[in-house]
Amino acid sequence: MSIKIFWCEWDGKTDSHELLREAVGRYLNRELEGLAVEYEENGKPKLRDWPRVYFSISHSENIWSCAVGDCPLGLDLQKQYEKNGEKLARRFFHPEEVAWMEVHGFGQFSRIWTYKESYVKYTGTGLREGLDYFSVIPGVLAAGQNREETGERFRQQEIPFLENFWMVLTSRERQNVMLEHFRDPREEL
């Protein structure tokens, strides 16, 4: 099965868990009455009743998104900002990423951030380990190639999305990805 990324306009008030239930139901092609979420030791969320269905939620500005698939994955979505992220990059990013931005411009900060956050969602480490212990630059420079990081193979895919947004999916191998805009924000669940 491929990975599906469900997205919708989001007012921040609609319960993200309800949107997740709807997205997983659409992925499984069945109506779900409820959806129990548990957490792995590292804090990564998982579905209690569907152990072979993986998900990752992200939101930015007024957009909510969720990748659902049959393999471990991490999704991040970020609004593209033109502001110079040099100070933040030098403080929090890997030196390889800072060097790349010195050449390509610190306006690429939100793009690199999206790759990094997608990776930490994939591994389940979150931000508690920091962001400077790994580099995503090979994924940016050679998009679509498998890489090894801490002994684990993974692939990062930049997903074409709405104008002025970055969307990155991290998984073990290249995936067929389908985007689905799945609800009108004026609808009630």
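1. A residue is called buried under 20% relative accessible area, exposed over 50%, and partly exposed in between (1.4 Å probe, protein chains only). By this scale Asp76 is buried, with a relative accessible area of 1%.

2. The model is predicted, so local features need pLDDT of at least 70 and side-chain atom pairs count only at pLDDT 80 or more, while totals for chains, interfaces and linings use all residues. Residues are numbered from 1 along each chain as its sequence is written, and side-chain values use heavy atoms, with hydrogens and water left out.

3. The structure holds 11 salt bridges (a side-chain nitrogen of Lys or Arg within 4 Å of a carboxyl oxygen of Asp or Glu). One of them joins Asp76 to Lys121, with the closest N and O atoms 3.4 Å apart. This pair links distant parts of the chain: Asp76 is in strand 6 (residues 73-79) and Lys121 in helix 4, 45 residues apart. Helices (H or I, at least four residues) and strands (E, at least two) are DSSP runs, numbered from the N terminus.

4. Arg26 takes part in a salt bridge with Glu22 (3.7 Å, N to O). The two are four residues apart in helix 1 (residues 16-28), so about one helical turn separates them. Arg26 is partly exposed, at 37% relative accessible area, whereas Glu22 is buried, at 16%.

5. Glu180 also forms a salt bridge with Arg26, the closest N and O atoms being 2.9 Å apart. Here too distant parts of the chain are linked, Glu180 lying in strand 10 (residues 177-181) and Arg26 in helix 1, 154 residues apart. Salt bridges connect Lys4, Glu22, Arg26 and Glu180 in a network.
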